[in-house]
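This briefing walks through the fold of one protein chain, from its overall make-up to a few individual residues. Please keep the sequence and the 3D view at hand while reading.

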Amino acid sequence: MSWIGALKTVLVIGAFAASGASLSAKSVEQSALNPASPQAFSIDVLWWLMFWVSLVALVGTLAVLAIGLWRARRAGNQQLSAVGSRNLVLVAGLAIPLVVLVSLVGGSLILGKELSAEPPANALTIEVTGWRWWWQVRYLDSGGEPMFTTANELHIPVGRPVKVSLRAADVIHSFWVPNLHGKTDLVPGHVNNSWFQASQAGVFRGQCAEYCGTQHALMAFLVIAEPEAEFERWLENQKRPAPAPQTAAARLGQQVFMDKCSHCHNIRGTQAEGQGTDGIVAPDLTHFGSRRTLAAATKPSSRGHIAGWVSDSQSIKPGNFMPPIPLTPEHLTAVTTYLESLK
Ligand code: CUA
């Protein structure tokens with residue numbers, strides 16, 4: 001994509017954010033104009049190109065209008081000569097817009113084709129399924145077999161291509177991480193693929209970009225791009241079954257969970273393994289305690305928010321498919337402790 005880089009330099013709109021090549025994953029402002037991958041960089045270039053062309057067109061049109069008004073005023077009651085105005089209409093009203101619009105459409109098409117090319121063979125494949133209103137995430141091994149399932153948080157290695165294979169379980173959703181790529185829809189009964197490659201570490205917020213019902217606005221997720229070694233550590237931990245509860249409170253919490261929550265939520269390595277397969281699918285909680293947010297990036301994963309969510313998720317995200325779970329204060333504290341311990 002060297003022509004894009006050259007174009008951006010010509011446009012003098014700031015160097016590519018290679019300066020942000022930090023090693024630790026810090027939260028990055030969610031913006032398509034703050035690209036952190038070659039794919040988002042190309043989109044950023046196209047955006048700026050369209051911005052400058054539109055600005056020139058706007059200023060040019062206003063200038064012609066101002067000149068016209070000024071001339072009409074100077075002419076007073078005299079008839080204005082029409083000489084030259086026909087050529088002006090033909091050139092400025094027809095020829096220039098035609099060239100500009102065809103160029104912009106052509107540029108978008110070329111870029112679109114480039115961005116929808118097949119991912120490199122060594123790409124890490126992640127299967128993402130959109131549910132109302134959360135994201136099911138499955139990591140596949142090099143043979144295409146699922147390794148584990150998680151939710152609402154993708155970890156990716158910096159500098160390695162990542163292919164996301166997108167499906168929808170119920171209605172149409174759209175996968176959008178503005179800092180990493182454009183939008184790709186998730187369509188029921190159809191698989192769409194998208195791929196990108198993070199060029200810097202960071203925590204990038206993504207969100208559903210297709211209206212999908214009452215909680216569309218709270219259907220977000222995080223993409224955590226980290227150095228390869230850190231990513232591998234995360235991957236190894238995710239492959240393991242859930243850690244056994246270590247304290248009395250966590251053990252009680254596990255019992256409460258099995259009684260009240262395990263009908264919908266899967267936790268690998270417990271009695272709740274294999275749940276969520278009979279049509280009632282809720283986020284896999286095997287390593288819930290290692291995630292930064294809950295309820296599709298609706299709230300930070302703090303103790304208070306976890307307890308609040310378990311006891312009355314409807315007050316936090318009305319209409320979501322988790323019913324209120326009536327628990328005694330002791331059981332609520334215990335189940336919260338257990339969920340937090342699932343690192
Ligand atoms: Cu899913 Cu909007």
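Predicted model: local features only at pLDDT ≥ 70, side-chain atom pairs only at ≥ 80, totals over all residues.

**Overall make-up**

- The protein contains 7 helices and 12 strands, and 41% of its 343 residues are buried.

- Five strands form an open sheet with mixed pairing, and their order is S4-S10-S9-S6-S7.
- Strand S4 (153-157) and strand S7 (184-186) are the edge strands of this sheet, each of them pairing on one side only, and the twist from one strand to the next averages 25 degrees.
- Helix H4 (residues 228-239) packs on this sheet, where it touches S4 and S10, and the direction of H4 makes about 135 degrees with that of S4.
- Of the 7 residues of S9, 5 are buried, so S9 is largely enclosed by the rest of the structure.

- Is Leu-180 buried or exposed? Its relative accessibility is 0%, and because buried means under 20%, Leu-180 counts as buried.
- Apart from its neighbours within four places in sequence, Leu-180 is in contact with Ala-36, Ser-37, Gln-39, Ala-40, Ile-156, Phe-196, Ala-198, Phe-204 and Val-223.
- The C-alpha atoms of Leu-180 and Ala-32 are separated by 7.8 Å, although these two residues are 148 residues apart along the chain.

**The sheet S3-S2-S1-S5-S8**

- A further open sheet of 5 strands, again with mixed pairing, has the order S3-S2-S1-S5-S8.
- Its edge strands, each pairing on one side only, are strand S3 (146-151) and strand S8 (192-196), and the twist averages 25 degrees from one strand to the next.
- Strand S1 (residues 124-131) pairs with strand S5 (residues 162-168) in the parallel sense over 7 bridges, and the bridge partner of Ile-126 in S5 is Val-164.

**Packing of helix H5 on helix H7**

- Two packed helices are described by the angle between their axes and by the distance between those axes.
- Helix H5 (residues 248-260) and helix H7 (residues 329-341) pack at an angle of about 100 degrees, and their axes are 7 Å apart; that angle makes H5 roughly perpendicular to H7.
- The residues of the contact of H5 with H7 comprise 10 nonpolar, 4 polar and 1 charged.
- On the H5 side the contact is made by Ala-249, Ala-250, Leu-252, Gly-253, Gln-254, Val-256, Phe-257 and Met-258, which meet Glu-330, His-331, Ala-334, Val-335, Thr-337, Tyr-338 and Leu-339 in H7.

**Backbone positions to check in the 3D view**

- Most residues other than glycine have a negative phi, and most peptide bonds are trans.
- The peptide bond from Arg-132 to Trp-133 is cis, with omega near -5 degrees, and Trp-133 is placed in the loop between S1 and strand S2 (134-140).
- Ala-295, in the loop between strand S11 (293-294) and strand S12 (299-300), has a positive phi near 55 degrees, and at 15% relative accessibility Ala-295 counts as buried.
- Ala-297, which is also in the loop between S11 and S12, has a positive phi of about 60 degrees although it is not a glycine, and at 18% relative accessibility Ala-297 counts as buried.

Key
Residues numbered from 1 in each chain as written. Heavy atoms only, no water. Axes fitted to C-alpha atoms, helices over the stretch in contact; angles between N-to-C directions. Helix = DSSP H or I, 4+ residues; strand = E, 2+ residues; numbered from the N terminus. Parallel < 35°, antiparallel > 145°, perpendicular 65-115°, else oblique. Contact = heavy atoms within 4.5 Å. Nonpolar A, V, L, I, M, F, W, Y, C, P; charged D, E, K, R; others polar. Pairing = 2+ DSSP bridges. Buried < 20%, exposed > 50% of the residue type's maximum accessible area, 1.4 Å probe, protein only.
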